[in-house]
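Trainee: I am new to this structure and would like a close look at a single part of it. Could you take me through the aromatic rings and what surrounds them?

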Amino acid sequence: MTGYYILIGAILLVSWYVSNKLKSKFKKYSKIQLQNGMTGAEIARKMLEDHHIHDVKVISTPGQLTDHYHPTKKTVNLSESVYNQRNAAAAAVAAHEVGHAVQHAKAYSWLEMRSQLVPIVSVASQWSQWVIFGGLILMTMVSVGVGQMVLLAGIIMFGLGTLFSFITLPVEYDASNRALAWMKDHAIVNQEEYKMSEDSLKWAARTYVVAAIGSLATLLYFLSIYLGRD
């Protein structure tokens, strides 16, 4: 299991770096007030209006970086620091989350695929590592054959989570592209503010990339054990 701990350590280190970089970017850009004086909530509502989406509400949610779009409730949930603030970081996040609402309204295929996987993945992700470790224990203490079957079941469950993380990538990048294009086309931000918004969304997207690569690396590691190549 030494290889597993080294792998997890490396993934956590890269994840920590990207996460801290993202927070520092948002902290920096949160100090730059928008020239148009609009709050994140106002920007979100305008983007919805410009896309003729009238059945989605913009609401405030507690916490930091807790912003998300809820497709079932049809709500754009903005953290307090985004909902009320008038800066480049808030503008980027608000528009990005509305980008998901636009995807939903236009039946964007990758978003629909991800939504269909949510119920399955939520269960599989919760139990996959327990099943995997159970299989490893059975392989060493009871029976290699039985342990391998349990291990394979866990790997398949974990694989669903990995698939979900990769399907999430085009969803997130597309939402950011929609947000940036709208902000530019409608002159919501000036050139300098646009660059800040773009940089903020790039680092936010990288957190998903790291998560996907980390999940794939872990999946391949467990698969190598199943194949007897550890």
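Mentor: Phe222 is buried, with a relative accessible area of 1%, where buried means under 20% relative accessible area, exposed over 50% and partly exposed in between, for a 1.4 Å probe and protein chains only. This is a predicted model, in which local features need pLDDT of at least 70, side-chain atom pairs count only at pLDDT 80 or more, and totals for chains, interfaces and linings use all residues. Residues are numbered from 1 along each chain as its sequence is written, and side-chain values use heavy atoms, with hydrogens and water left out.

A search of the whole structure gives four aromatic pairs; rings of Phe, Tyr and Trp (its six-membered ring) pair if their centres lie within 6.5 Å, and planes under 30 degrees apart count as stacked, over 60 as edge-to-face and the rest as tilted. Tyr17 and Trp203 form an edge-to-face pair, 6.4 Å centre to centre with 70 degrees between the planes, and this pair links Tyr17 in helix 1 (residues 2-29) to Trp203 in helix 7 (residues 191-226), 186 residues apart; helices are DSSP runs of H or I with at least four residues, numbered from the N terminus. Tyr17 is partly exposed at 45% relative accessible area, whereas Trp203 is buried at 11%.

Phe133 and Phe222 also form an edge-to-face pair, with 6.2 Å between centres and 90 degrees between planes, and it joins Phe133 in helix 5 (residues 109-141) to Phe222 in helix 7, 89 residues apart. Phe133 counts as partly exposed at 27% relative accessibility, and Phe133, Phe158, Tyr221 and Phe222 form one aromatic cluster.

Terms used
Helix = DSSP H or I, 4+ residues; strand = E, 2+ residues; numbered from the N terminus.
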